[in-house]
Amino acid sequence: MGLPPRTAHHRELALHGTADLKACDKGITWVRQTLTDWNLLDRGQDALLVAAELLSNAAKHAGGIRSLTLTHHEGLLQITVTDPSPEPPRLRRHRPDSIGGHGVFLVDRLAQHWGTRPNGPGKTVWATVPLPP
């Protein structure tokens with residue numbers, strides 16, 4: 001995203017590879033509080049959903065959550081989740097009638113951009129979500 005540090009809001013939460021749903025709850029609570037602190041919660045419901053999906057995917061499919069980062073700048077919120085697995089998430093054919101399996105599809109639909117990058121032996125999954133005015 002290339003944000004100038006002097007004008008961006010940036011926060012990080014270390015979760016140390018936790019692979020249970022308590023880590024997801026902690027991460028979602030932290031995102032909600034951060035958005036509240038930045039006066040963005042009323043505009044950030046899609047971002048909250050994207051963060052929840054990235055966190056649950058890391059906990060369920062990638063061996064745990066190492067860290068969660070939020071960066072806000074000029075109407076965009078970048079969410080990053082780092083996990084210990086090198087395997088990137090895959091956007092599969094969406095089946096609306098299936099139970100589960102909607103996470104990456106939702107991220108793809110709600111984020112302006114998303115992707116992955118290597119991070120040590122694991123990866124970081126990021127999504128940039130526009131915040132309505």
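**Note on helix packing and selected residues**

1. Leaving aside residues up to four places away in sequence, Thr-18 touches Ala-23, Gly-64 and Ile-65, where contact means heavy atoms within 4.5 Å. This is a predicted model, in which local features need pLDDT of at least 70 and side-chain atom pairs count only at pLDDT 80 or more, while totals for chains, interfaces and linings use all residues. Residues are numbered from 1 along each chain as its sequence is written, and side-chain values use heavy atoms, with hydrogens and water left out.

2. Thr-18 belongs to strand E1 (residues 9-18); helices (H or I, at least four residues) and strands (E, at least two) are DSSP runs, numbered from the N terminus. With a relative accessibility of 26%, Thr-18 counts as partly exposed, given that buried means under 20% relative accessible area, exposed over 50%, and partly exposed in between (1.4 Å probe, protein chains only). Its C-alpha atom is separated by 9.3 Å from that of Ser-67, which is 49 residues apart from Thr-18 along the chain.

3. Helix H1 (residues 21-37) packs with H2 at an angle of about 160°, their axes being 9 Å apart; axes are lines fitted to C-alpha atoms, for helices over the stretch in contact, and angles run from 0 to 180 degrees between N-to-C directions. H1 and H2 are therefore roughly antiparallel, a term for angles over 145 degrees. On the H1 side Cys-24, Gly-27, Ile-28, Val-31 and Arg-32 take part, and they meet Leu-48, Ala-51, Ala-52, Leu-55, Ser-56 and Ala-59 in H2. By class, this contact of H1 with H2 has 8 nonpolar, 2 polar and 1 charged residues, with Ala, Val, Leu, Ile, Met, Phe, Trp, Tyr, Cys and Pro counted as nonpolar, Asp, Glu, Lys and Arg as charged, and the others, Gly among them, as polar.

4. For H2 and H3 the packing angle is about 145°, and the axes are 9 Å apart. The contact involves Asp-46, Leu-49, Val-50, Glu-53, Leu-54 and Asn-57 of H2, together with Gly-103, Val-104, Leu-106, Val-107 and Leu-110 of H3; these residues divide into 7 nonpolar, 2 polar and 2 charged.

5. Within helix H3 (residues 103-110), Gly-103, Val-104, Phe-105 and Val-107 are buried. The buried residues of H3 pack against helix H2 (45-61), and also against strand E4 (113-119) and strand E5 (122-130).

6. His-73, in strand E2 (residues 65-73), is buried, with a relative accessible area of 12%.

Notes: Parallel < 35°, antiparallel > 145°, perpendicular 65-115°, else oblique.
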